Amino acid sequence: MATASPSARPPAGPPDLRVDGVDHLAFVTWKPRATVEFYTQALGMPLVHAITATGWVTEDYPDFVHFFFDMGAGNRIAFFYYFGLPEEDAPSDLMHRSRHLAFHVDTEEELLGWRERLKGHGIRVTRPLAHELIESVYFDDPNGIQLEITRPLRPMSGIDARDAELTVRALADVAESPRPTVEALWRRKAELIRKAEPIRTDTEGAGL
């Protein structure tokens, strides 16, 4: 049971071709007023663009408004409001917590300052939670999307990248087995370490 390292595959296209960060993340809302108030007032993100369209992509595509907020550093978060689209059921608690968006701050002071600001707007927010390399607080937007504000506890290093490469190579093998478990992942990772297979120490070109 073995797979080639994802980062060892030859790149497609020119070798210097790469994306430059995130332009925008898009979600769906059924609560446009509450969404605008939350992002502009509680989070202080300016509303910077809106698209209104009919008959887009296909004839049966619903009419919509697509509006964007500036998150800073050239990044935006956007929402679709579809006319006549029934509201979906809420996701399970696990999927709700897993599918989240994290905003970056540099210091503990900023993290705690944001927590107090959110509480001042009547938003339920967790206490700071430290995990691995970051410390974070969590809260929901009006659409039930879990958001996070996080600060680094230390910089990521080449050792972190090497461990990630080993972990994901082991995961790729184990996830294709009939009964994937975390114990099987640990065993496969140990095999990779013992074999001393070539491992990259940088993240350039890494992918699944």
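Which element supplies the largest share of the lining of the largest pocket? That share, three residues, comes from β1.

The model is predicted: local features require pLDDT of at least 70, side-chain atom pairs count only at pLDDT 80 or more, and totals for chains, interfaces and linings use all residues. Residues are numbered from 1 along each chain as its sequence is written, and side-chain values use heavy atoms, with hydrogens and water left out.

The largest pocket holds about 580 Å³ of space. A pocket is an open set of points on a 1 Å grid over the protein atoms alone, where a 1.4 Å probe fits, with protein on both sides within 12 Å along at least five of seven lines; lining residues have an atom within 4 Å of a point. The volume is the space filled by probe spheres set on the points. The lining consists of 20 residues, of which Trp 30, Glu 88, Pro 91, Asn 143 and Ile 145 are the closest to the centre. Both β1 (24–28) and α2 (93–98) supply at least two lining residues. Helices (H or I, at least four residues) and strands (E, at least two) are DSSP runs, numbered from the N terminus.

β1 also belongs to an open, mixed sheet of four strands in the order β1-β4-β3-β2. β1 and β2 (47–53) are its edge strands, each with a single partner, so one side of each has no neighbour in the sheet. Neighbouring strands here are turned by 20° against each other on average, direction ignored. Strands pair if DSSP finds at least two bridges between them. β2 and β3 run antiparallel and are joined by six bridges; Thr 52 has Val 65 in β3 as its bridge partner.

Helix α1 (residues 32–42) lies across β2, β3 and β4 and runs at about 10° to β3. Axes are lines fitted to C-alpha atoms, for helices over the stretch in contact, and angles run from 0 to 180 degrees between N-to-C directions. Thr 35, Phe 38, Tyr 39 and Ala 42 are the buried residues of α1 (under 20% relative accessible area, 1.4 Å probe, protein chains only). These residues fall within an arc of 110° seen down the axis, so they line one face of the helix. The arc is that of the directions from the helix axis to the C-beta atoms. They pack against β3, β4, α3 (108–120), β7 (134–140) and β8, contact meaning heavy atoms within 4.5 Å.

A second open sheet, also mixed, has the order β5-β8-β7-β6.

Methods. Buried means under 20% relative accessible area, exposed over 50%, partly exposed in between (1.4 Å probe, protein chains only).
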